[in-house]
Structures are given as C-alpha cells and as structure tokens.
Amino acid sequence: MAAPADLGVLQVMALRAMLLASIRRFFEERGFVEVETPAIVPSPGLDVHLAAFEVRAWRGEAVGWLATSPEYQMKRLLSAGAERIFQLCRSYRAEEQGRHHEREFTMLEWYRANASSDDLIRDTEELVAFVANALDQPAPEVQPPWQRLTVDEALQFHANVDLDALVNDEEQFFRVWAEEVQPRLGNERPVVVTDWPSSMASLAKLKPNGMADRFEAFFRGVELCNGFGELTDAAEQRRRFEQDQAERRAAGAPVYPIDKRFLDDLERGMPESGGNALGVDRLLMLLLGADSIQDVMLFPEERL
Amino acid sequence: MADTSDIKKGFKMLMDGVPFAVVDHQFVKPGKGQAFVRTRIKNMMTGAVIDRTFKSGEKLEKADTEERTMQYLYPEGDARVFMDTRSYEQISLTNEQLGENVHYLLDGTEVDIMLFEGRPIGVTPPTFVELLVTETEPGFKGDTSSNTTKPALCETGLQVNVPLFVNAGDKLKVDTRTGDYVERVKG
C-alpha cells in the first residue's frame, strides 16, 4: 500500500470523491437503492455510552437531536418493504474526538431484508476489496474471506482471559478490550469479531447459542464497522430501550426519548434482516495507510 | 479539578503524589461501549515512561509544576548549582537528578528547571550545545565523507561518536535530546 505522505487538500478531495463514487457503484451493481434520512431526529440512539448534540431552534425551543446513526429510519424503510438500501451520511457523536474519532463523521450504513449477518459480512469483505481496487490501492491483505474470531476467542488469544471472567463487568471488559485486544486485531489482515455477549446486543437479535448476532470488523487495530442480524421483536426492542434509559438515568447521562414510530413499525413487522454501519473516514485512512481520520478529511474540527 | 478532556501532550498530573507528564494519548471508544483515554505518561521524578488507561471523564489532579529559566553556575560535591538570573535565587540538583543532562552544562548555560511543588526535579538543557573535544584518536586528513565514526570525549565528560576528521581541540555541536554529534563548529 502507498504511504500516505502528506496528503494535500486537493488529493484528499479527489480521493474522497473516488471513494464515495466507488461505494455507490458497489451498491448499485448489487441492486441497492440509495436513501436519505434526516440528520435531525426525535431520538438519537439510546446506547448508554452515546452522547448526542441537541438541536434547538432560534428561540431555544427543542427540535430534536443530531442522529448518531441513521439506523431507526432505515429500519422503518425495511418495515415499509424496502429490500436493499444504503446510505452515505454524516453522523454526530458529541463526545468523541481523537485520531480515530471526529464528532461529525461520514457513515455508510446498509441493510438487506431476508438476509443474515453472514450475508452482511460477505458484503463488507467484498466492499472493502472493491473500494481498494477503485482507489488504485489493490491491497492483497483485504481480499476476502477475512478471518473470523468470536469475542471469547479474541480475549483468550490476545489477553489470555475468558469472556466469562469479564462478562459481568462491562467497564473491565472494555478496558481489557481497549488495552490488550483491539490494538492487536487485524494487524496483518482484517478480522471479523462475532458472538458478542447478549448484554452488548444493542439492536441485534440473539443467536441460538445465546450470544448477540453482532459482528465488528477490525483492521490494524481500528474498528471499521459494526453490524447486526437485526432484532425484529418489537417487545424485546422496547424492553432493551427501557433498560438503556434506566442505565442512562443511573449514570447521570441525558435520557433520550424512545423513537415510538420506529417501535410501531417494528410491531407492524420487519423481515429478518442484516445491517451494517461502517466508518467511511476510517476506511479511507486504513486503505491509504494514514495515521488519523483527520488526515483524510477536508475539514476536521481542528482545521475548521 | 481537571478531567480526561484536559489531557494533551505535556499535560502534567499528580498520581499517588508523583507528577507525571503526558507523552502520548489516544481517545478510544468501541462503537457500543465505554470510552477511554489511553496514555503514555512519564514519571517526572524518575523519567520512567508507563502506559495508563483512564476512563473517559475520569477526574485528574493537576500537578503543581513550574518551569523557570536559570543559569548554570558551578559543581558542588555531587550536585550542580543554578541561579535564577532575575531573583538571584540559587538552587541545586544532584547529578543523579540531572542524569545525562549533567554532560550539557557549561558555565553560564541557560537551562529550564522544572519545579514540582517548589522543589527542583529536573532540567531541560538547550536543544543544541557546543562542546570542546578533549580527547580523540587523531583524524585522517582529507577524510570528510566517510560514514565511519570514532569516539570522542568532550570537556563535560560526554562521549560522542564523531566522524574521523574531528580532532582534539575542535568544537562540536551536539543534540542534547539524543546525545548525537550534529556538526563541527568553525572557529
């Protein structure tokens, strides 16, 4: 892969345009429809560790929040009968800033109805190889298939500890993950980590083995995407939302409302589906061998 | 009280009564999990560098440190004496506290002294110093391009690797961050 050297602004501009065009081409060739959903939403996502920007109108009246991901609205489209959809959009996370984080970043999210998380993993592998080619960075190491590891295997292999020992202490789990596991994931080739604990299922359904049907791909120690075999059970989804709200309240974090229309649509029926959310800035950073996502953005906060 | 959002390179914090300076830091947050700030921090008393991971938002105690420019005066036993040129206040640091930096002190050299709770704990010499060579094997005439080096002893006791053309009595420019020879100084 080419060294990033110091990418000039015009190079970044050109590379980003090629990247976005190739992503659109990839999905169009596979029969996906590009969709747009709003940036300002009635519920920005309830995961306990998410912080959203609140949006107010000029007299101070609350309007909503900036979406931390377009997930709820895209799933409502699945309930309405959409079969293959993708979106390239800005997502916003108020307290995330660092070499691999920017509070406003570009997200690629796509969904397949009547599909499993395995189908989505395959999409991800093919997409990354396709984009690398399109950018003229034909990286042999990203060619499918990627290695798969369960969370338990990743912990045993890189931190010499069993998931059982950490599953009841989420903070310790993520500390070990951040210090010992993640930095070593996908150093040679991307790796897909599956079988997350059910307590970290978020909007994923549970697998027959009791683990969450959730996967994340890592490349060179960077989390590239997070995908689910989607939860379609409205009652279970409501229960998880209420639990998230309780945890937010207990942690002193703002308690965002539940998106009722999303739950209503889920209730009316959503096909078994797979979905994935991928950080576009991180993908470009990794394919170019850059050190930070800021290196491959036109106007990161530090240069705005 | 500071917290992890104050962390940047050079930020100085107190842990178990010891001042640490941030050398490197990275915000890490799994898509669906607790955020952390991973840091590499330097113990300002011993120079030892360690890794420490803080929970994002964790409270930190700022270390009461201050840097003052002072002039090196003279050795005294196994210590060195410095003077604040404005207040004429004198302080001393042991050779052990100075470590390698003891080799970059010439009469009158201006250095930055790090004070922790008012007590001196370390010194930052100028990035480059000029030192006289007191001992080295004689040079070879005309050999100015070779990559081969030889050891040379400087007036302060510093040993550096120098090109073969350097002779005793030459003045050298030395990089105090690495202890490396930079160039021979004319005149």
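Two strands pair if DSSP finds at least two bridges between them. Strands (E, at least two residues) and helices (H or I, at least four) are DSSP runs, numbered from the N terminus. This is a predicted model: local features need pLDDT of at least 70, side-chain atom pairs count only at pLDDT 80 or more, and totals for chains, interfaces and linings use all residues. Residues are numbered from 1 along each chain as its sequence is written, while chains are lettered from A and ligands numbered from 1 in the order in which they are written.

**View 1. An open sheet in chain A.** Three strands of chain A line up in the order β2-β4-β3. Their pairing is antiparallel, and the sheet is open. β2 (40-41) and β3 (54-56) of chain A stand at the edges. Each has a single partner strand, so one side of each is left without a neighbour in the sheet. β3(A) pairs with β4 (residues 62-66) of chain A over 3 bridges, in the antiparallel sense. Look for Val55(A): its bridge partner in β4(A) is Gly64(A).

**View 2. Helix α4 of chain A and its buried residues.** A residue is buried if 20 or more other C-beta atoms, placed from the backbone, lie within 10 Å of its own. In α4(A), residues 151-159, the buried residues are Val151(A), Asp152(A), Ala154(A) and Leu155(A). They cover an arc of only 165 degrees around the axis, which puts them on the same side of α4(A). That arc is taken from the directions from the helix axis to the C-beta atoms. Their cover includes β7 (147-150), α5 and β8 (191-194) of chain A. Just after α4(A) comes Asn160(A), with a positive phi of about 55 degrees.

**View 3. The contact of chains A and B.** Two residues are in contact if their C-beta atoms, placed from the backbone, lie within 7 Å. Chain A gives 19 residues to the contact and chain B gives 13 residues. On the side of chain A that touches chain B, α5 (170-181) and β10 (222-229) of chain A each supply at least two residues. The largest share, 7 residues, comes from α5(A).

**View 4. Chain B as a whole.** Chain B has 1 helix and 16 strands. Its C-alpha trace spans about 65 × 45 × 25 Å along the principal axes. Of the 187 residues in chain B, 24% are buried. Among contacts in chain B between residues at least 6 apart in sequence, 44% join residues at least 24 apart.

Note on methods
Buried ≥ 20, exposed ≤ 12 C-beta atoms within 10 Å, placed from the backbone.
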